[in-house]
Amino acid sequence: MTILETQQVRKQYQMGEVTVDALVGVDFTVEEGEFVAIMGPSGSGKSTLLHLLGGLDGPTDGEVTLAGQRLSKLSDRQVTLIRRRNVGFIFQFFNLLPTLTAEENVALPLLIDGQSIKKHQEKIDRLLEMVGLSDRRHHKPDQLSGGEQQRVAIARAFVTDPAIVLADEPTGNLDSKTGDEILRLLRRSCDELGQTIVMVTHDAKAASFADRVVFLMDGRIVDHLKMTGDQAEDIRQIQRHLRALEV
Ligand SMILES: Nc1ncnc2c1ncn2[C@@H]1O[C@H](COP(=O)(O)OP(=O)(O)OP(=O)(O)O)[C@@H](O)[C@H]1O
Ligand SMILES: [Mg+2]
């Protein structure tokens, strides 16, 4: 089943006199339970696409369909509700609230949605366990390492049982060993929970954890690649496709 779809999506940013064409007609589909990576040069529109997919911003033209809902037909308020209930976000800079503990940061999306933490305590415990932070639950972000902070952000992204997790360079600020742990965690959530994941990354190795890779250039999808499961070979293929984009 298709869970996420864009049809001829365009995005222009107006900078005074200058119009920036960030996306120029993107058709993109994600099936339920897929793990898709988005790659492409800096400025090619990856983050813009991820923001539109999650309803954080609206397209200039075209349609985004999220969990069966055509977002252009909805009010901002309705889009916000659909986003809260269906999308978990993981960002490059973790975006944790510094005054909250790890556990409170994980619970935050529930609070924002007006739900009781008590009712969800078991799930919060399970997620902290899943990311290996049960013994760090009372730590504030500045008492956690970068990898631990990102694991908090991952648990937070999962806490509402979102249909879709969107991740923008989730390993961009981590060393490669910690990054690998995060990627294995995402892969496992896809394999074991059927989690749908769309991840933007610059890193061929990170992308090789996905089921397929979509390549963006100048606001267009210019290429696709399916992973074979032979990671070394997949990484080589991804690098070859990336080199082809760097004309
Ligand atoms: N809020 C904004 N206002 C104006 N222009 C923007 C805005 N956000 C992005 N852009 C422009 O749109 C284009 C696409 O930006 P985007 O952030 O999607 O690129 P990206 O592929 O994520 O790049 P990077 O790999 O560097 O993160 C760029 O040319 C960028 O300068
Ligand atoms: Mg970006």
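Start with L74. Setting aside residues within four places in sequence, L74 is in contact with Q69, V79 and I82; contact means heavy atoms within 4.5 Å. L74 lies in the loop between strand 5 (69-70) and helix 2 (76-86). Helices (H or I, at least four residues) and strands (E, at least two) are DSSP runs, numbered from the N terminus. L74 and T99 are 25 residues apart along the chain, and their C-alpha atoms are separated by 34 Å.

A word on the model before moving on. This is a predicted model, in which local features need pLDDT of at least 70 and side-chain atom pairs count only at pLDDT 80 or more, while totals for chains, interfaces and linings use all residues. Residues are numbered from 1 along each chain as its sequence is written, chains are lettered from A and ligands numbered from 1 in the order in which they are written, and side-chain values use heavy atoms, with hydrogens and water left out.

**Ligand 1**

Select ligand 1 and show what surrounds it. The shell has 13 residues, and the closest are S42, G43, K46, S47 and T48. A residue counts as near if one of its heavy atoms lies within 4 Å. By type, the shell holds 5 nonpolar, 7 polar and 1 charged. Here Ala, Val, Leu, Ile, Met, Phe, Trp, Tyr, Cys and Pro count as nonpolar, Asp, Glu, Lys and Arg as charged, and the others, Gly among them, as polar.

Colour strand 1 (2-15), strand 2 (18-31) and helix 1 (46-53). Each supplies at least two residues of this shell. Helix 1 gives the most, with 3 residues.

Next, zoom in on the polar contacts (pairs of N or O atoms within 3.5 Å; within protein, one must be able to donate a hydrogen and the other to accept it, and residues adjacent in sequence count only if both atoms are side-chain atoms). An N or O atom in the side chain of K46 is 2.7 Å from an oxygen atom of ligand 1. For S47, a polar side-chain atom is 2.9 Å from an oxygen atom of the ligand. S44 uses a polar backbone atom, 3.2 Å from a ligand oxygen. The protein covers 62% of the 640 Å² of accessible area that ligand 1 has on its own. Accessible areas come from the Shrake-Rupley method with a 1.4 Å probe; for residues, only the protein chains shown count as cover.

**Strand 1**

Select E5, in strand 1. Not counting residues up to four places away, E5 touches F28, T29, E63, V64 and T65.

Move to Q8, also found in strand 1. Its phi is near 45 degrees, a positive value in a residue other than glycine. Most residues other than glycine have a negative phi. For a second case, select D161, with a positive phi of about 50 degrees. D161 sits in the loop between helix 5 and strand 7 (164-168).

**The core**

Finish inside. The largest nonpolar core has 47 residues; F35, I154, L186, M199, V213, F215 and I238 have the most contacts inside it. Such a core is a set of buried Ala, Val, Leu, Ile, Met, Phe, Trp, Tyr and Cys residues joined through side-chain atoms within 4.5 Å.

Note on methods. Buried means under 20% relative accessible area, exposed over 50%, partly exposed in between (1.4 Å probe, protein chains only).
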